[in-house]
Amino acid sequence: MITIRKSSDRGHFDHGWLNTYHTFSFGGYRDPAHTRFRTLRVINEDFVKPGMGFAPHGHDNMEILTYIVEGELAHKDSTGSAATIRPGDIQRMSAGSGIQHSEFNPSRENPVHLLQIWIFPEKKDVQPSYEEKHFDRESRRNRFRLVASPDGAEGSVKIGQDARMYAAVLDGGKSVAHALGAGRGLWVQLIKGELSVNGEKLAAGDGARIEDEAEVTLAAGAGEAELVAFDLG
């Protein structure tokens with residue numbers, strides 16, 4: 001079964017410095033029909049203006065992943081980690097027993113476009129930690145590139161949950177297939193372009209909830225398509 005979550009149906013707030021879209025309930029956006037998908041709790045698509053960002057604030061007991069689409073984001077947190085992440089970088093922050101962090105667009109000219117993803121952890125109150133890896137565009141081209149997993153397989157960042165995050169950039173007309181294990185679910189989030197998921201059409205910003213499908217085939221439209229996907233227990 002495939003259920004499409006249209007981009008236009010997401011929660012949307014324009015705060016001036018931040019233009020943000022919420023796939024699931026978040027902050028001031030409440031939608032009882034869309035609070036999570038399995039252990040996937042948040043997919044926020046954020047556009048942050050130059051020189052602006054998120055002041056220091058806290059999280060706990062959440063696996064937080066950041067995927068940069070365009071621009072760059074400067075990160076600092078209470079573990080002592082500090083980095084500037086760019087397209088192709090995946091940042092993983094395990095909030096565990098509690099972590100403080102800030103995120104800032106250091107550019108004076110260009111906005112930063114990113115996805116922030118939250119996944120519920122298997123264990124609560126673990127020691128907070130930070131990790132980041134780079135996956136260049138060619139490594140994601142016309143394939144499902146594993147970028148986050150519970151065991152750090154294939155050089156992915158390691159998260160504390162039975163969940164796997166994939167990233168792909170498909171050339172126009174190209175497709176990839178993904179086998180979905182028994183009892184598992186897949187969420188596909190299309191960032192750019194057009195995509196069909198087992199024949200169901202997606203436009204940029206749309207998501208697809210997929211269950212009870214043994215194999216999922218994703219095919220780009222006429223132009224390039226960029227997406228992330230989450231295989232969840």
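**View 1. Glu226, a buried partner in a salt bridge.** At 3% relative accessibility, E226 counts as buried. In this predicted model, its side chain meets that of R137 in a salt bridge, with 3.9 Å from N to O. R137 is partly exposed, with a relative accessible area of 32%. The two residues sit in distant parts of the chain, 89 residues apart: R137 belongs to helix α1 (residues 137–140) and E226 to strand β22. Side chains of opposite charge can pair when their charged atoms come close.

View 2. The closest N and O atoms of the salt bridge between R141 and D171 are 2.6 Å apart. R141 lies in the loop between α1 and β13, and D171 in the loop between β15 and β16 (175–179), so this pair ties together parts that are 30 residues apart in sequence. D171 counts as partly exposed, at 25% relative accessibility. Salt bridges with shared partners join R137, E138, R140, R141, D171, E224 and E226 into one network. How many salt bridges does the structure hold? There are 18.

**View 3. Trp17 meets Phe54.** W17 and F54 form an edge-to-face aromatic pair, 5.3 Å from centre to centre and with 75 degrees between the planes. W17 lies in the loop between β2 (11–14) and β3 (18–22), while F54 is in strand β5 (residues 53–59), so the pair ties together parts 37 residues apart in sequence. Both W17, at 25% relative accessibility, and F54, at 22%, are partly exposed. Elsewhere, ring pairs link F24, F37 and W187 into a cluster.

**View 4. Leu40 in the largest nonpolar core.** This core has 24 residues, and L40, L65, Y67, M165 and F230 have the most contacts inside it. Several strands each supply at least two residues of this core, among them β4 (40–48), β6 (63–70) and β22 (225–232). Which residues does L40 contact, leaving aside its neighbours within four places in sequence? They are F24, I117, W118, I119, W187, F230 and L232. A second, separate core of 22 residues includes F144, L190, L218 and L227. In soluble globular proteins, nonpolar side chains tend to be buried together.

**View 5. An open sheet of four strands.** The strand order is β5-β10-β7-β8, with antiparallel pairing. At the edges are β5 and β8 (82–85), each of which pairs on one side only. From one strand to the next, the twist averages 20 degrees. Strand β7 (residues 73–77) pairs with β8 over 4 bridges, and K76 stands opposite A82 in β8.

Note on methods:
Residues are numbered from 1 along each chain as its sequence is written. This is a predicted model: local features need pLDDT of at least 70, side-chain atom pairs count only at pLDDT 80 or more; totals for chains, interfaces and linings use all residues. Side-chain values use heavy atoms; hydrogens and water are left out. Rings of Phe, Tyr and Trp (its six-membered ring) pair if their centres lie within 6.5 Å; planes under 30 degrees apart count as stacked, over 60 as edge-to-face and the rest as tilted. Buried means under 20% relative accessible area, exposed over 50%, partly exposed in between (1.4 Å probe, protein chains only). A nonpolar core is a set of buried Ala, Val, Leu, Ile, Met, Phe, Trp, Tyr and Cys residues joined through side-chain atoms within 4.5 Å. Contact means heavy atoms within 4.5 Å. Two strands pair if DSSP finds at least two bridges between them. Axes are lines fitted to C-alpha atoms, for helices over the stretch in contact, and angles run from 0 to 180 degrees between N-to-C directions. A salt bridge is a side-chain nitrogen of Lys or Arg within 4 Å of a carboxyl oxygen of Asp or Glu.
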